[in-house]
Amino acid sequence: MDQNGEGTEARSKRKQPPTPSNERPLKQMKPESDPHARNGTHVPTTPELLAADETASLSLEGSQDEMQPAHIAGAVHDTAEWQKTIEKVVKNVVSIHFCQTCAFDTDGAVSSEATGFVVDAERGYILTNRHVVGAGPFIGYCIFDNHEECDVYPVYRDPVHDFGILRFDPKAIKYMPLSSLQLRPDLAKVGVEIRVVGNDAGEKLSILSGVISRLDRNAPEYGEGYSDFNTNYIQAAAAASGGSSGSPVVNKDGFAVALQAGGRADGAATDYFLPLDRPLRALQLIQQDQPVSRGTIQTQWVLKPFDETRRLGLSADWEKAIRTQFPKETGMLVAEVVLPEGPASTKVEEGDLLIQVNGELITQFVRLDSILDDSVGGKIKLLIQRAGEDMEVELDVADLHSITPDRFVSVAGGSFHDLSYQQARLYAISLKNAGVYVCEAAGSFRFADGYASGWLVQEVDNQPTPNLETFIEVMRKIPDRKRVVVVYKHLRDLHTANTSITTVDRHWHKTMRLAQRNDTTGLWDFSKLAEAIPAVPPVPRRANFIQLSSKYPEAVDIVRSFVRVHVSMPIKLDGFPKVNKQGYGLVVDAEQGLVLVSRALIPYDLCDISLIIADSIFVDAKIVFLHPLQNYAIVKYDTSLVAAAVKTPKFSTDFIKKGEDTIFFGLNQNFRPVVAKTVVTDISTVAIPASALTPRYRATNFDAITVDTTQASHSACGVLISEDGTVQALWLSYLGERASHSGKDVEYHLGLATPMILPVLKEIQSGNTPKLNILNVEFQTVQMSQARVMGVSEEWIEKTEQEDPERHQLFMVRKVDSGHEDGLQEGDLLLTLNGKLITRAPDLDVMYNNEHLDAVVVRKRQQMEIKVPTVPTDDLETDRVVIFCGATLHRPHQAVRQQISKIHSDVYISSRARGSPSYMYGVTSTNFLTHVNNVPTPDLDTFLKEVKKIGDNEYFRLKVMTFDNVPWVATMKKNEHYFPTIEFVKDASEPLGWKRIVHECDEGGAREEMAPVDVDMEAGPEGIIADAVNDGATKTEAEASTAVESAV
């Protein structure tokens, strides 16, 4: 390894959140193997499935999860002297449990563990890493050696170097005398035997031994995200791993000589320690209540050995002078990155050799840092050598803190701040007028490529946004629901300017807020910048549909019945994996403005729905009806706003038949119309596979149509239509299971015969909301051979063959929903309902209009007549949501009841926010909360009542039941500052259809729910926010082209 290091081989000691799992969440997380064998994965929380592209972006580890270094048992043969030292040191070492509550700068929201050590017992200061303290909002606590616990608050985080200082209350530690470790950077020397004492690999305390081998290593690069620079690092072989961030590196006399920071991810037992010169200076200034000045010329330097510097043009005279004055030095500082428009721009170039600063020979980072930190606001003179030529330049020294963000703005669901020096240095771009950095790409600013951060917004509504102040003024003037043009770039590709149109959401996210770091309290203070400007009333628009030339003119005229649908969900409910969806819907009544849309697009009604008619007219829509079983929703738009020849299709009242010729008209993944003459290949009763990890809506007990054209498998929306323009079937997208191997959500594209929707449609057209009753069971088909074995008589088999010559099948109850124990039982063979022999899924429609059904079934080989109750669907959909400590709670939705045998409580965790107390303490989605402080909480009312008794920042107990019926108890600390208790209640009298109630919050706190990008049940890119103006072929969904015969 050269002095510059290889970034891909470096790793941080920060532990990662729970790793991907192909299992349903269980009570505890057990390591898959020896906990020391995998770096940064030992977190005592419940395993959950995370998308591969999400886990990789959470921290500095890189690919460490794939590496399995050998277990090294350090310090097993220590001398009595070392043992005495260790006994003294461990009393100063603390285990830090923390959350970075939201994405900020280089850091994503995360819950993790690390190590720190007391450096001032009287004032209560703990030294740890900067990537632990983080750049953004932080909550955490520390545990001492005797298991006493107290809260910690950030006092200082260095803008560049990997150290930070936390504060705790020394009076809170009552049962052990507090002491501190003395920082002695001067004692770090090659050959010194050291011990790393810390919370290694999630263990409370590990002691790892090593020997310092280098003092002159460049700071390791961790790739994207936070990396230290402009400092040397100390190298040793200690094989520390996840959780050891912030551990003290001590010598035999018990002095801290370095700070554990990183290591290699390729299995080598190599670790990197931060020298303590700059942490010691910062600590001393803080102890004196002085500000920690930090200077910069916006230049990154690296150490290069003399053989390299000679090739860069180092003269023999200067090499002699340097080697004479510093006989132990083997290299010099060389300019690596000079930021454009910075103090050194045009004066210092990459590859310049640093000879002198203010007339003093310089070869070490520590001395350079010292001069810069003492010269903030002043000037310094550099003597540099460029290609053998001496050059003296005078530079202004800027304040490093001023280019390190300490505030962010939340508006329209996204979060923004000025570009940081960290990010600018990584990509060698100017800090001036670069645009506003999107640290949380959510809400109206969820951009097309699925990255949650890294975007620079350069224009909004045709107004430049070079910095945060300008951005605030631009956003302040934009009314709610206005569609604006946004121009933005990503740091990974600054060559490409992306242009999109987005709808500014100032109704779900009404207030523009500023969060400002407060180093006195250790919290971030939230203040209101602006309330929303009301939406401008829409005006009527005219448009013409495209005209398709085809030899089936009446069939392709159906293009006038398709409208584009955009759905935005401000909160994730019901296990649905996305917060933005787009596709197409079919107008079923142009006069009333009724549109049929797949429930793969509209899973629940806490959402915004926008239609684009004739690819020209934007119009908002509201949900009229959600079908509980058949995978469609009916939405309605205001027809007075649309002056276009929207067509009401003619629907067939007869079921299409297998082998029948038809025309497939659909919209493919690029939203282009496709037409193909085809034939119906199969009509079979199917149930979409259930998603075990994330129960969510799925269609059951329906007849699916498949056709013989590849276009159908690539089209999420369409129709099967006859040559005369009669629609015979709808072509819909069905959300299926989450694939265990990829973490992606499978979608199936299948046909639904039009006679299935006509009764519901007619009722809606007459002004009524359909009141359906359903059988809360899932059926599967059985053939006659199976039916005979299960006890069906020959008489019934003969009746079945005569009733349905095409399909000799009956229905068996595969699963009974929880709470529906009366009536049908699992394993029952259904013969008739109300005297009608049931051989096809449409025969089950008799259930919709009956409270009870007379059924003939075969149960355990006995034929019997039973009365079967149906279940009203009035309250089937989620109509109340509580967000508590970062967890989204609601009554178990229908998909949960379909998959579970018993509902343990009506308080069900649908999702949770990363970096929240719920994530930190291990309660997870699909868990039921049954008790709060031993008081039963069977519903949300009692749950809210009990949690309101708990004070802010107080611990409480939760009894939890997993999806697999495993009970356990969690303790959690409430945090009302960053995670207020907010309730959403469905209310038709509200403009949004939902009422928002803030139950508990801190006066200067967030007062907002977490952005949906943070929740932990996502699986890959979310879909785009708008129409990509520069690319009409943007894809938002992976193709689900697997043949239904083998997949369903």
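Trainee: Which residue in β19 is the bridge partner of L354?

Mentor: Good place to start! Keep in mind that this is a predicted model. To read a pairing, pick a residue on one strand and look for its partner on the other. Here, L354 has I384 in β19 as its bridge partner. The strands involved are β17, residues 353-357, and β19, residues 379-386, and they pair in the antiparallel sense over 4 bridges.

Trainee: Which other strand does β17 pair with over 2 bridges?

Mentor: That is β18, residues 360-361, again in the antiparallel sense.

Trainee: Now the barrel, please. How many strands does the closed barrel have?

Mentor: Follow the strands from neighbour to neighbour. The closed barrel has 6 strands, in the order β32-β33-β34-β37-β36-β35, with antiparallel pairing. Ignoring direction, neighbouring strands of this sheet are turned by 40° against each other on average.

Trainee: What joins β36 to β37?

Mentor: There are 5 bridges between β36, residues 617-626, and β37, residues 632-637, and the two strands run antiparallel. One of the pairs to look up is F625, whose bridge partner in β37 is I634.

Methods:
Residues are numbered from 1 along each chain as its sequence is written. This is a predicted model: local features need pLDDT of at least 70, side-chain atom pairs count only at pLDDT 80 or more; totals for chains, interfaces and linings use all residues. Side-chain values use heavy atoms; hydrogens and water are left out. Two strands pair if DSSP finds at least two bridges between them. Axes are lines fitted to C-alpha atoms, for helices over the stretch in contact, and angles run from 0 to 180 degrees between N-to-C directions. Buried means under 20% relative accessible area, exposed over 50%, partly exposed in between (1.4 Å probe, protein chains only).
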